[in-house]
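User: Hello! I am new to this structure and would like to learn how to read it. Could you walk me through some of its features?

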Amino acid sequence: MRRLKISNISRYFNDLRALSQHRTSSSLTDDLCNQVLVEGKANSRMAILNRPSALNALNTNMGAKLNKLFKAWENDPNIGFVSMKGSGRAFCAGGDIVSLYHFMNQGKLEECKDFFRTLYSFIYLLGTHLKPHVAILNGVTMGGGAGVSIPGTFRVACGKTVFATPETLIGFHPDAGASFYLSHLPGHLGEFLALTGAKLNGAEMMACGLATHYSVSEKLPLIEEELGKLVTDDPSVIEACLEKYSDLVYPDKNSVIHRIDIVDKCFGLDTVEEIIDSLESEASLINDPWCGSTLRLLKEASPLSLKVSLRSIREGRFQTFDECLVREYRMSLQGVSRLISGDFYEGVRARMVDRDIAPKWSPPSLEQVSEDMVDHYFSPLSESELDLELPTKLREAFN
């Protein structure tokens, strides 16, 4: 990975904000029915996320369409496997957080709840789907974009793939199943990615197991063509097809993958304060710009989000996939409620709406984040808050 620069993260949010503004101006042509397209092949179906003007950011409509499609495909004996890709230069940049911001601003918490319920239900469906799934990560794959791909069977990364879970930088927590898959990465790489929002490229995703295959971008059309000819439901046959077009790739010398020892040493500590102190100590001992870049990212993030996210990853290490989704659902509803803190609302405002990149976090420092504040995000929802439309297994996990 090229040396991490703060401007790269800012550029991502700025690009997404600009595209969101473009989306508003062209909303008449952004047909709801066309936000998820379908390609039918011999023995497979492909879902195409189709909001290129918004980097294919997921909204409630898309989540509902994906749920409907994947349920139907699972029950169709003529379909052997399914796949997904994105239109334009992204696979999926995550959830449509600008829409969530406006819902919160208008007091429409039920709409926020609908969004999370619909998206998390699909992620659960994907993670338990009876048929093999191939995600072609053809570009930006962040937040919820990782959530609708990583739980599947195969993930094909390429030279244009950019992965990140940048939620702490907008006052939120890595969700959409992130506390499960990040917590199962080698060592404490998951804590590093969750707290800093640092980016990984396709080679790094392959090295740490987030991707199952890597191919140069020019071969992706060949992969799609070959997959379209398969008549099978056998994962080994699909894997052989993917391996036919796979390339051997290694992270470059500046990658965090080559710093796994220091990542484990610092991000394996018990508290965010200890992690930062350890990084500062390392920075004073070694001449590595990576330490300074990592510290700057941590200090840009919401203090409350850092503590909530660290605990989330640590709990995810000892929970099942569906238990993680249930807990994240609870945490997300607490975040949009603004009962303890308005950091998510403020973070989206600063990064995506007003774009002053100067969020006023509440609390403003780690020292002022109490255990009670963190505990609140992990507290059971009241009976009236339980969402009875979640899949049965998720509902049962509340009890």
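**Strands, helices and rings**

Analyst: Gladly! Let us begin with a pair of residues that face each other across two strands: S44 has F81, in β3, as its bridge partner. Please keep in mind that this is a predicted model.

User: In what sense do β2 and β3 pair, and over how many bridges?

Analyst: Strand β2, residues 44-49, and β3 pair in the parallel sense, and the pairing spans 6 bridges. To get from β2 to β3 the chain passes through helix α2, residues 60-74, making a right-handed β-α-β crossover.

User: How do I read the side chains along a strand?

Analyst: Here is the general idea: in a regular strand, side chains alternate between the two faces of the sheet. In β3, F81, S83 and K85 point one way, while V82, M84 and G86 point the other way.

User: Are those residues of β3 buried or exposed?

Analyst: They are all buried.

User: Which residue of β5 is the bridge partner of M84?

Analyst: That is A135. β3 pairs with strand β5, residues 133-137, in the parallel sense over 3 bridges.

User: What is the order of the strands in the open sheet of 6 strands?

Analyst: The order is β1-β2-β3-β5-β7-β10, and the pairing is mixed. To find the edges, look for strands that pair on one side only: here they are β1 (36-40) and β10 (213-214).

User: How do β1 and β2 run, and how many bridges join them?

Analyst: They run antiparallel, joined by 5 bridges. As one example, L37 stands opposite I48 in β2. Helix α2 packs on this sheet, where it touches β1, β2, β3 and β5, and its direction makes about 175 degrees with that of β2.

User: Which strands form the open sheet of 4 strands?

Analyst: That sheet runs in the order β4-β6-β8-β9, again with mixed pairing. At its edges are β4 (90-92) and β9 (200-201), each with a single partner strand, so one side of each has no neighbour in the sheet. β4 pairs with strand β6, residues 140-142, in the parallel sense over 2 bridges. There, C92 stands opposite T141 in β6.

User: Now for the rings. How many aromatic pairs are there?

Analyst: The count comes to 11 aromatic pairs. To read a pair, check how far apart the ring centres are and what angle the planes make. For F172 and F344 the centres are 4.4 Å apart and the planes lie at 35 degrees, so this pair is tilted. The pair links distant parts of the chain, 172 residues apart: F172 is in the loop between β8 (162-164) and α6 (178-181), and F344 is in helix α16, residues 343-353.

User: Are F172 and F344 buried or exposed?

Analyst: F172 counts as buried at 5% relative accessibility, and F344 is buried with a relative accessible area of 3%. F180 is in helix α6 and F321 in helix α15, residues 321-337, so to speak a link between distant parts of the chain, 141 residues apart. F180 is partly exposed, with a relative accessible area of 25%, whereas F321 counts as buried at 15%.

User: What else is F321 in contact with?

Analyst: Leaving aside neighbours within four places in sequence, F321 is in contact with I123, Y124, G127, P151 and F180. Take P151: F321 and P151 are 170 residues apart in sequence and 8.9 Å apart in space, C-alpha to C-alpha.

User: Which residues form one aromatic cluster?

Analyst: The cluster consists of F115, F116, Y120, F172, Y329 and F344. The charged end of R311 sits over the ring of F378, 4.2 Å from its centre, and the charged end of R338 sits over the ring of Y345, 4.2 Å from its centre.

User: Why is α16 described as largely enclosed?

Analyst: Of its 11 residues, 10 are buried, so α16 is largely enclosed by the rest of the structure. Among the buried ones are F344, Y345 and M352. After α16 comes R355, with a positive phi near 55 degrees.

Terms used
Residues numbered from 1 in each chain as written. Predicted model: local features only at pLDDT ≥ 70, side-chain atom pairs only at ≥ 80, totals over all residues. Heavy atoms only, no water. Buried < 20%, exposed > 50% of the residue type's maximum accessible area, 1.4 Å probe, protein only. Pairing = 2+ DSSP bridges. Right-handed = clockwise from strand over helix to strand, strands pointing away. Phe/Tyr/Trp six-rings, centres within 6.5 Å; stacked < 30°, edge-to-face > 60°. Lys NZ or Arg CZ within 6 Å of the ring centre and 35° of its normal. Contact = heavy atoms within 4.5 Å. Axes fitted to C-alpha atoms, helices over the stretch in contact; angles between N-to-C directions.
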